[in-house]
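Here's a quick briefing on a fold, from overall dimensions down to one strand pairing. Have a look at the model first.

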Amino acid sequence: MESFFNILPSSANIYIYAPTILPSSLEYYDCPQCGMLQLPRLKENPVKMIAQGKGKYPDFMLCGHHPYTLLSQKAVNILESEANAQMDLLPVELYDPKGNSRAEEHDGYYIMRPKTVLEMDYQRMGLEVVSDCPECGVMKFDKQPKDFGKLILDYPEDKPLPDLFRLKHNKYMIFCTKKLLEIIYRNSLKNINASMGRDAYIYGVEDLNLKEMFKKPRKKKE
Ligand SMILES: [Zn+2]
């Protein structure tokens with residue numbers, strides 16, 4: 001299978017970030033089917049969030065409250081036109097901590113979730129699915145994520161991966177192909193960290209250097 005990658009907005013403080021969602025946009029509920037308690041749910045559209053920090057607005061923005069990934073309008077346009085990336089996009093309104101709109105400062109942001117959902121190869125990873133709630137989507141395994149080891153996808157070896165996807169049991173982690181990483185790099189989309197997808201559950205894995213990956217090889221001097 002081709003390599004796949006885990007991408008995450010950087011928390012580097014050289015950019016504006018979104019530390020939290022306003023209480024009016026978020027509610028917690030208990031799943032009526034499996035009894036899972038205090039699941040978060042976004043209830044406003046657009047979602048209202050605080051934007052904090054100085055500097056530029058990045059193309060990938062971190063939410064500090066829940067691990068949502070926010071995309072700038074520019075990033076959405078580029079991914080939609082250049083990649084096979086099916087995305088659910090929920091518009092976001094940004095406010096400063098005093099409650100003033102920051103809409104004039106940027107071209108728009110969206111909470112992005114990949115539409116394409118793949119599953120891990122539970123058998124090859126030695127995992128047992130303990131529960132899988134059709135109502136809230138929460139899955140439980142016989143191991144903790146820190147003990148999952150290398151991530152193996154349940155996907156045909158010879159079929160190209162979709163450029164953007166998430167895993168069924170995790171709404172927040174985002175995976176992509178090398179092609180999508182290259183699109184991010186070539187378009188200078190700002191503030192993304194990427195690491196090997198197979199290592200997504202391994203602690204302390206180093207981020208990849210996209211410049212090293214995609215820079216054009218220098219011509220040899222004659
Ligand atoms: Zn449930």
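A quick word on terms: two strands count as paired if DSSP finds at least two bridges between them, and helices (H or I, at least four residues) and strands (E, at least two) are DSSP runs, numbered from the N terminus. This is a predicted model, where local features need pLDDT of at least 70 and side-chain atom pairs count only at pLDDT 80 or more, while totals for chains, interfaces and linings use all residues. Residues are numbered from 1 along each chain as its sequence is written.

**The sheet**
- Six strands make an open sheet with mixed pairing, in the order E2-E5-E8-E9-E7-E6.
- E2 (17–21) and E6 (60–62) are the edge strands; each has a single partner strand, so one side of each is left without a neighbour in the sheet.
- Within the sheet, E7 (residues 69–72) runs antiparallel to E9 (residues 109–114), and the two share four bridges.
- In that pairing, Leu-70 sits opposite Ile-111 of E9.

**The chain as a whole**
- In total, the protein chain has three helices and 15 strands.
- Its C-alpha trace spans about 65 × 50 × 30 Å along the principal axes.
- Of the 222 residues, 27% are buried (20 or more other C-beta atoms within 10 Å of the residue's own, with C-beta atoms placed from the backbone).
- Take contacts (C-beta atoms, placed from the backbone, within 7 Å) between residues at least 6 apart in sequence: 71% of them join residues at least 24 apart.

Methods. Buried ≥ 20, exposed ≤ 12 C-beta atoms within 10 Å, placed from the backbone. Contact = placed C-beta atoms within 7 Å.
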